[in-house]
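Subject: A structure for you to look through

Dear colleague,

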2 protein chains.
Amino acid sequence: MRTYKQRMPDDFHLHLRSGAMLKAVLPYTVEQFGRATVMPNLHPDPILMGLQAEMYGNEIMSYGFNSFKPLMTIQITEKTTAQMIRQAQEAGVIAGKIYPKGMTTNSENGVVDYKSLHKVFLQMEASQMVLLLHGEHPHSTSSLYRERDFMDTLDYIAGKYPTLKIVLEHVTTAYAISTVKMFKNVAATITLHHLLLTLDDVIGGKLKPHNFCKPIAKFESDREAIVEAAFSGSHKFFFGSDSAPHQRSTKECEEGCAGIFTAPVIMPMLVEFFEKHGKLRLLENFTARYGAEFYGLPRNEGILELVNVPNHLPKEISIPELNDSVVVFQGGQTISWSIKGVSHA
Amino acid sequence: MRTYKQRMPDDFHLHLRSGAMLKAVLPYTVEQFGRATVMPNLHPDPILMGLQAEMYGNEIMSYGFNSFKPLMTIQITEKTTAQMIRQAQEAGVIAGKIYPKGMTTNSENGVVDYKSLHKVFLQMEASQMVLLLHGEHPHSTSSLYRERDFMDTLDYIAGKYPTLKIVLEHVTTAYAISTVKMFKNVAATITLHHLLLTLDDVIGGKLKPHNFCKPIAKFESDREAIVEAAFSGSHKFFFGSDSAPHQRSTKECEEGCAGIFTAPVIMPMLVEFFEKHGKLRLLENFTARYGAEFYGLPRNEGILELVNVPNHLPKEISIPELNDSVVVFQGGQTISWSIKGVSHA
C-alpha cells in the first residue's frame, strides 16, 4: 500500500456559510487543510467589517477544531473606507474580496466603479492586506467572455497599485492566465473543478447543475492552460477550492445557484490528478507553499497523509437541520486515494 | 381591441410524446396549428417503420381533434432500408429524421456513418420524402461548435443528393444559416426559443433548466442572425417549434433533460415578437406558407385569430397521471396577445 505525505495544505478560497451548513461542511475542510481563506459573502448579511469577521471567525472556531485556522476576509464594497480596512486588519482580517455587481451568490454589494476605491487600495497596499478579485466583467456580450473582459480592470488595479497583493480567484481561461503572468503583484487561485471540467460538463450532455459555477468552466484549451499553470511550478498559481455548498433544493430547481461543493474530495482527487499526470512532486508547492508565500504567511507545520486505497466518494452530505442535503462533486465515484490523517512532525 | 388574423399555421417540428403526456400537451398545439411534423423519438420505442408511424398517428387522432393533421415521420437509423422508406411512404409518412448518435433525447439509434445511407437517401429523393436533420456533430471540441462542425455533413448530403429535400432543424448559428443559403435543396426550421434566447439565458445568471435544449442557444450574434433569417422573407426559413415537453422532475435534477416546452405560448409570442420588430406582415409566410411549399403540401384552409388582450402565461401544465407537471417556456409572464380561435374562411 502506497502512501503520499506532504506538508499540511491551505485552501485559499473557501465558502463555509454559517449555522447548520457551516457545521455540516467544516469537518471536511479541517481534516485536509491547515488553513482556509474564508469568503465573506454570507447571506443575508455579508461580512463587511472587522468586527463581523471576528465574530464569524469565532463561530467557525466554536466547533473546536483547534488545528485549523480560518483566514478571515471582508467584502469590499463601494462603501468600504480606508478606516474600515485598518480596523479589519486590527481584527485579524487578512484579505478583502471584491465581487462585481450582480455576478454570483450574494453579490448585491458588488463593485462597479473600481476607481472609487482609491483610498481603500492605498490602505490595503500599506497594510499588505491581500485583494481577492472575482474577475468577471458584468456586461460582457457572453458569460464566456466575462473573465477575459475583466482583464482591463485587473490591468488597471495591478498597474496603479504595484505593491498591492492581488489574487485573481478561480481562474478559468488561458487568456487570464497569460495576463496574470504579466504582473509581479498578481497571483491566481486554481480550483479542483476547473482542472477537471469544461463547459460541456455543464451543458454538453444532460444539464448538470452540480457542475455549474461562476466563472463557468470554459473550453478544453482553457482547461489545458489551467492544468499547465498548476503544473508549471510558477509561484503565481496556487490552490483555492472555491468549494461552495448549496442545498440540493436550490441547485435542482427552476433557477439553480452557482457553486460546486468539492470540500470532501479535494486532496484525494488532487493527489489522483497530479499522480495521473506524473506531477505529484509539484502538489505540495501548489497546495502548501506558493499561496502561503504570496500571502506572507508561514507554512503549515503538520503533515497530511493519504493512502492508496479505494475511496468511494459520498453522493451527498445530509443537513438534517435544513431537511436537505448538499451534493458532493463527483460523488458516487470511486477514486484511488483516501485521507489517512494528520501527523505533527 | 386589435386583432391579428392569418392563415392557420403549421409547426414543422414538434414533440408530442405518447400516453398521458400526449393527452396533456396536444390541445395546445391543436388550438394554434393546422398541422405539425411529429418527431419519431419516442421512448423507449422510437418510430422506425411506417406501421408504427400509422399507429402513432392513430393515437394522436384518437383525441378527436379532427381539424388537426399530424405529419408523421420515422427515425432513420443505420438499419433503415430503401424498402422501409417505400413502406413508410405508403403508410403516409412524410419525412424521415436523423439524430446524430448520443446527441439528444432518445438518440441511441443515432447515425454515425451517413454514407451507409446511400440507398435510403436515393429512395427518399425518389419518393420526395423530406429528410430532417438534427445538425450537430457529436465529436466537436465543444457543444457550441457542434452545429458548425455538422456543416460538412450537410454539405456532403445536400451536394450528393441534389433533389433530396433537406431541413436543417432548429438552426442556432449564423454559420449554419449562411450554409443553408448555399444549397437549393436545403431549408431550415427556426424555433420560437432560438429567436429569443442566448446561452446566457441558460448559464449566464442562475442555471435555468427550462431554457436548456439541444442545440443549445448560442451567442447574441447568432440569435441576431436567426432573427434576420426569420424576417428575411426567404422561403428557406420557416417555423418549427421543437416544443419538447419533459416532466419537471426530469428537468430539475442532477442530470436534466434537454428540451423546451413552448407549445402553449407559440403563436401569441410570435405575434408579439414579430409585431415588436415591425415585421408582423411576414409572420404568415414564416408560419403558414414557406414550410408547406418546401414540403410540397397545400396550405391550410382555416384562419387563426389572435386578440390584443393581456395573456398571463401558465407556469406549468399539470399531468395528474404522472403526478408531475411540465414547465411552460416563459410561463408566469404576461404578454399582450391571446388566441381567440379558428374560423373557416
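A salt bridge here is a side-chain nitrogen of Lys or Arg within 4 Å of a carboxyl oxygen of Asp or Glu. Before using that rule, please note that this is a predicted model, in which local features need pLDDT of at least 70 and side-chain atom pairs count only at pLDDT 80 or more, while totals for chains, interfaces and linings use all residues. Residues are numbered from 1 along each chain as its sequence is written, chains are lettered from A and ligands numbered from 1 in the order in which they are written, and side-chain values use heavy atoms, with hydrogens and water left out.

By this rule, six salt bridges cross the interface of chain B and chain A, and one pair that forms a salt bridge is B:Arg146 with A:Asp200, at 3.7 Å from N to O. On the side of chain B that touches chain A, helix α8 (residues 200-203) of chain B gives the most, with three residues; helices (H or I, at least four residues) and strands (E, at least two) are DSSP runs, numbered from the N terminus. That side of chain B divides into 13 nonpolar, seven polar and 10 charged residues, where Ala, Val, Leu, Ile, Met, Phe, Trp, Tyr, Cys and Pro count as nonpolar, Asp, Glu, Lys and Arg as charged, and the others, Gly among them, as polar.

The two chains bury about 2,600 Å² between them, 54% of it on carbon and sulfur atoms, buried area being the accessible area (1.4 Å probe) that two parts lose on being put together, summed over both. In chain B, the residues that lose the most area to chain A are B:Ile203, B:Leu207 and B:Glu254, together 27% of what that side buries.

Five bridges join β1(B) to β10(B), and B:Gln6 stands opposite B:Leu304 in β10(B).

Finally, the peptide bond from B:Lys214 to B:Pro215 is cis, with omega near -10°, and B:Pro215 is found in the loop between α8 and α9 (220-230) of chain B. A cis peptide bond also joins A:Lys214 and A:Pro215, with omega about -5°.

With best wishes

Note on methods: Two strands pair if DSSP finds at least two bridges between them.
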